Amino acid sequence: MKIILLSILALSQPAAGPSNSAPTALTATHQRDLSCVAAFAIVASEQERGIESALDYPLLTERGRIYAGEIGERVMVETGQTREQVRDAILAAVADQQAKVKNVAEPEQVVAAEMEKCLPLLDTEVVPKPKPTLNQCAGMLQLAYETVYAREKLSKTAQDLKTLAFVLDNRAREKMRGEGKSGSESDIILTQTREEMRALEQDPSKQAALDIDHCFALAAPEKKEQNFEH
């Protein structure tokens with residue numbers, strides 16, 4: 001079940017060392033944090049499925065996974081509970097989150113209230129990465145396509161990356177055209193930016209410092225404005 005993916009990943013961290021004392025109950029803070037793990041797991045799953053209301057929130061696949069892992073480990077250490085006990089607590093939190101939106105008229109409002117409470121905790125625990133520019137994203141996705149193509153030829157992943165890189169390149173050119181730049185100027189800028197991104201590949205720590213999830217958000221289909229003519 002996809003909605004619990006991040007929750008299960010919370011328990012993929014190294015197990016805490018054995019405790020000499022009996023496990024203690026979850027505190028209110030632990031319960032709050034595990035509830036947020038569940039909320040992020042559900043929203044991340046909806047984002048992966050392209051549900052529009054979920055895309056109003058920051059992309060949570062990577063940061064939600066890190067948050068889940070850190071919270072799961074912390075709860076084990078602070079309570080002495082086993083991996084299985086903490087996993088069960090997370091699954092219970094997922095069920096509770098699902099119950100909150102069941103049979104309610106405005107489920108999006110319930111989710112919004114949860115995210116208003118949880119996102120500041122996420123920002124404290126897992127500081128957001130800097131967002132790449134549109135030009136940087138065009139370069140990053142093009143290089144990602146080239147890397148995958150060299151390894152897998154035109155696999156499904158390579159085709160998807162090629163499409164995303166094409167979309168981002170077009171949007172970057174449209175933006176620069178709107179700024180008064182010529183096609184030749186855009187070519188030069190995009191080539192320079194791509195080479196800068198290629199240089200970052202030599203330093204994985206710098207490349208990982210950028211929020212590549214933001215690039216996928218920039219490549220998402222644009223919302224069509226509805227025209228109501230009478």
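Are Cys137 and Cys215 buried or exposed? Both are buried, meaning under 20% relative accessible area with a 1.4 Å probe and protein chains only, where exposed is over 50% and partly exposed lies in between. Keep in mind that this is a predicted model, where local features need pLDDT of at least 70, side-chain atom pairs count only at pLDDT 80 or more, and totals for chains, interfaces and linings use all residues. Residues are numbered from 1 along each chain as its sequence is written, and side-chain values use heavy atoms, leaving out hydrogens and water.

Back to that pair. A disulfide (cysteine sulfur atoms within 2.5 Å) joins Cys137 to Cys215, with S to S at 2.1 Å. Cys137 sits in helix H6 (residues 134–152) and Cys215 in helix H10 (residues 213–218), 78 residues apart. Helices here are DSSP runs of H or I with at least four residues, numbered from the N terminus.

The count comes to two disulfides, and the other one joins Cys36 to Cys118. Its S-S torsion is about -80 degrees, so this disulfide is left-handed. Cys36 lies in H2 and Cys118 in H5, so the pair ties together parts 82 residues apart in sequence.

Now look at those two helices. The axes of H2 (residues 28–48) and H5 (residues 107–125) come within 10 Å and cross at roughly 110 degrees; such axes are lines fitted to C-alpha atoms over the stretch in contact, with angles from 0 to 180 degrees between N-to-C directions. That makes H2 roughly perpendicular to H5, a label for angles of 65 to 115 degrees. Where they meet (heavy atoms within 4.5 Å), H2 brings residues including Phe40 and Val43, while H5 brings Met115 and Leu119, among others.

Methods: Parallel < 35°, antiparallel > 145°, perpendicular 65-115°, else oblique.
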